Amino acid sequence: MSLLPTHWTPLLTTRALGRTVSHYEHTLTSTNLVLKDMAKQGAPHGSLCLCECQTAGRGRMDRQWSSPEGQGVWLSVLLRPNIPAEHAPLITFCCALAMTKAVRQITGLEAQIKWPNDLVLKGRKLCGILLEMGFDAQGYYVVAGTGLNVRRGAYPPELADRAISIEEWTDVPDRGAVIAAYLAALEDAVSAIEQRGFAGLAEDFRRECITLGSQVQVLGTDSSFTGVAEDIDETGALLVRVDGELRRVLAGDVSVRGVMGYV
Ligand code: BT5
C-alpha cells in the first residue's frame, strides 16, 4: 500500500499532528527540505511531508540518507512547540521515544534508542532522526524527519554491518499504521515536555536508551575521548565519566560510538 494520506488518515488518533496539511509525492528530494519550504510559507503545526523515495535524503552534518522507493517510512513533521527555543533539541528525544513505541506496538520488535538520534535493533541502525530549526513571524519551528527502514532494500549492501530493517526480523508492517502510532506517541511526548521539560520524558527515555551504562567513544571535530555514559541531564546532554571527571556532551557536536561496535 502506498503512503497516500487517504490510506492512513482514518487511523489517526491525534489532535493536531497529521490533521492539517499532509504533503505526499511519490518522489521528493528530501522531506525535511520540502517541509522547511512549507514552514516558510506559513504551514501550521502538525503539517507532514512524506514520500516513497527521496533523491537527496540527508542525515546530520550533510551525510546521505539512503531512502529508496517503497522501502521505508521517509517522513517529516512540522512542530511549533510551546517550549523555549533552546530546549528544542529535546524534540529529537520525543521522536526517538515515539518511534520506539510505534515499532513495538505495530511489529512487536524491541528497538532501543542510541543517544541522541538513532533507533537500533540487534545492534544495528533501524531509524535515524534529523531535527532542523527555523524562525518565522510565528516564532520558531522544528522540522523533525525520521527515516525508518521497513524493507530489506532500505539501505545499500555496504551498510549491512550497521543497518537493519524490520523485514529482517518480522513481517512487513502496514506503514500507515506505523505512522499513525508514531504521530500519536509523538504528540504525547511533545505535550509532556511542554508541561514538564525533559523531566516529562526522563523516566521513559532512560529506560529505552541503550547508550546509558555503556562505554562510548565521543568523536568531536577537535577532540575525541572514551568514557562511560552515565546519564542525561535536563537539557538532554549526555554525561560521560572520563578519568573520574563527568563531561557534558552536546548532541550537535559529536558522534558517539560504542567501544564494542556501532551501539
Ligand atoms: C541520521 O543522520 O540518522 C538522520 C537520518 C534522517 C533521515 C530522514 S528521512 C526523512 C527526512 N528527510 C531527510 O532528508 N532526512 C530525514 P546521521 O546520524 O548523520 O546518520 C547518517 C548515516 O547513517 C550515514 O552516513 C550512513 O552511514 C547511515 N545510513 C544512511 N542511510 C541509512 C539507512 N537507510 N539505514 C541505516 N543507516 C543509514
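1. The model is predicted. On that numbering, Pro116 falls in the loop that joins β4 (112–114) to β5 (118–121).

2. The backbone at this proline deserves a look. Between Trp115 and Pro116 the peptide bond is cis, and its omega is near -5°. Most peptide bonds are trans, and most residues other than glycine have a negative phi.

3. Met61 belongs to the loop between β2 (48–54) and β3.

4. Turning to the ligand, its shell holds 29 residues, and the closest are Ser30, Arg58, Arg63, Lys125 and Asn149. By class, the shell has 15 polar, eight nonpolar and six charged residues. Elements that supply at least two shell residues each are α2 (31–40), β3 (72–79), β6 (124–136) and β7 (139–149).

5. In Ser30, an N or O atom of the side chain is 2.8 Å from a ligand oxygen. Asn117 places a polar side-chain atom 3.2 Å from an oxygen of the ligand. As for cover, the ligand taken alone exposes 800 Å², of which the protein buries 93%.

6. Which pocket corresponds to the space taken by the ligand? That space is the largest pocket, with a volume of about 720 Å³. The pocket is lined by 38 residues, and those closest to its centre are Gly59, Arg63, Gln64, Trp65 and Lys125. Two or more lining residues come from each of α2, β3, β6, β7 and β12 (255–258). The lining divides into 16 polar, 14 nonpolar and eight charged residues.

7. Rolling a probe the size of a water molecule over the atoms shows where empty space is left. With a cut-off of 30 Å³ or more, the count is one cavity. The largest cavity contains about 50 Å³ of space. Its lining consists of Met1, Ser2, Leu3, His7, Trp8, Asp174, Arg175 and Gly176. Elements giving two or more residues to this lining are α1 (5–8) and α4 (175–196). Sorted by class, the lining of the largest cavity has three nonpolar, three polar and two charged residues.

Methods. Residues numbered from 1 in each chain as written. Predicted model: local features only at pLDDT ≥ 70, side-chain atom pairs only at ≥ 80, totals over all residues. Heavy atoms only, no water. Near = heavy atom within 4 Å. Polar contact = N/O pair within 3.5 Å; in protein donor to acceptor, adjacent residues only side chain to side chain. Areas by Shrake-Rupley, 256 points an atom, 1.4 Å probe, with all protein chains shown as cover. 1 Å grid on protein atoms, 1.4 Å probe; cavity = no way out; pocket = protein on both sides within 12 Å on 5 of 7 lines; lining within 4 Å. Sits in = over half its atoms within 2 Å of the grid points. Helix = DSSP H or I, 4+ residues; strand = E, 2+ residues; numbered from the N terminus. Nonpolar A, V, L, I, M, F, W, Y, C, P; charged D, E, K, R; others polar. Points joined across faces, edges and corners; volume = space filled by probe spheres on them.
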